[in-house]
Amino acid sequence: MNERQRRAWEHGIVAFNRGDYFEAHEIWESVWMSATGPLRDFLQGLIQVSVALHHLSRGNLHGARSLIDRAETHLAQLPSPFHGVDCRRLLLLANRCVKLGEEMIRARNSAGKGCLTKQEWFALPLPRLDVEPWRNRAAADDALH
């Protein structure tokens, strides 16, 4: 990543970790558009996880499940950690979060429609991006070329 991309990447992490999933998606999309190779797959997977969580917050279970499944095709193939993110753990946590959200909504409504209450939302194990230090930065950068 160049410096501009790295700054945007870091701003996206802050937005994701405060639960602004749509904003994180918007920020990372600006980096994704010029990315190539494994970095592009990585960012696309993160964007899809972000939008999946956004959909879940609005009660769109089909959209949330679909995007988590698509994110897996991008993130599962990468070495983990990649750019400091444990991709496998992120997928595990995001999948768990969507599954629990689906169960909460379906328990209230057999049709699976409606939004999570604030109490339900905050009871979910929402994933965070706890980025590892850049000790493996050279290896991650090498994977891009």
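**Entry 1: helix 5**

I began with helix 5 and found that what covers its buried residues includes helix 1, helix 3 and helix 4. Buried here means under 20% relative accessible area, exposed means over 50%, and partly exposed lies in between (1.4 Å probe, protein chains only). Helices (H or I, at least four residues) and strands (E, at least two) are DSSP runs, numbered from the N terminus. I listed the buried residues of helix 5 as Cys87, Leu90, Leu91, Leu93, Ala94, Cys97, Val98, Gly101, Glu102 and Ile105. Helix 5 has 22 residues and spans 32 Å from its first C-alpha to its last, close to the 32 Å expected at 1.5 Å a residue. That expected span is 1.5 Å times one less than the number of residues in the helix.

**Entry 2: what kind of model**

I noted that this is a predicted model, in which local features need pLDDT of at least 70 and side-chain atom pairs count only at pLDDT 80 or more, while totals for chains, interfaces and linings use all residues. Residues are numbered from 1 along each chain as its sequence is written, and side-chain values use heavy atoms, with hydrogens and water left out.

I looked up pLDDT, which is the predictor's confidence in each residue, from 0 to 100. The protein chain has a mean pLDDT of 87, and 88% of its residues reach 70 or more. Confidence is highest in helix 2 (residues 21-32), at a mean of 96, and lowest in helix 7 (residues 137-144), at 45. Over residues 134-145 pLDDT stays under 50, and the model has 15 contacts beyond four places in sequence for this stretch. A contact means heavy atoms within 4.5 Å.

**Entry 3: the chain as a whole**

I found 7 helices and 0 strands in the protein chain. Of its 145 residues, 45% count as buried. Among contacts with a separation of 6 or more, 61% join residues 24 or more positions apart. The accessible surface comes to about 7,600 Å², and 52% of that belongs to carbon and sulfur atoms. These areas come from the Shrake-Rupley method with a 1.4 Å probe; for residues, only the protein chains shown count as cover.

**Entry 4: the largest nonpolar core**

I then looked up the nonpolar core, a set of buried Ala, Val, Leu, Ile, Met, Phe, Trp, Tyr and Cys residues joined through side-chain atoms within 4.5 Å. The largest one has 43 residues, and Trp9, Phe16, Trp28, Phe42, Val49 and Leu56 touch the most other members. Helix 1 (3-17), helix 2, helix 3 (37-57), helix 4 (61-75) and helix 5 (87-108) each give two or more residues to this core. Helix 3 supplies the largest share, 10 residues.

Helix 2 has 12 residues and reaches 16 Å between its first and last C-alpha, close to the 16 Å expected at 1.5 Å a residue. Its buried residues are Tyr21, Ala24, His25, Ile27, Trp28, Val31 and Trp32. I found that they pack against helix 1, helix 3 and helix 6 (118-123).

Leaving out residues up to four places away in sequence, Trp28 touches Ala8, Trp9, Gly12, Ile13, Phe16, Leu46, Ile47, Ser50 and Leu129. I followed Ser50 next and placed it in helix 3. Ser50 counts as buried because its relative accessible area is 0%. With the residues up to four places away again left out, Ser50 touches Phe16, Tyr21, Ala24, His25 and Trp28.

Gly63 lies in helix 4 and counts as buried, at 11% relative accessibility.

I checked the loop between helix 4 and helix 5, where Pro81 is found. The peptide bond from Ser80 to Pro81 is cis, with omega near 10°. His83 is found in the loop between helix 4 and helix 5 too. His83 is not a glycine, yet has a positive phi of about 50°. Most residues other than glycine have a negative phi, and most peptide bonds are trans. His83 is buried, at 1% relative accessibility.

**Entry 5: cysteines**

I searched the whole structure for disulfides and found 0. The test was a pair of cysteine sulfur atoms within 2.5 Å. Cys87 is buried, at 0% relative accessibility, whereas Cys115 is partly exposed, at 41%.
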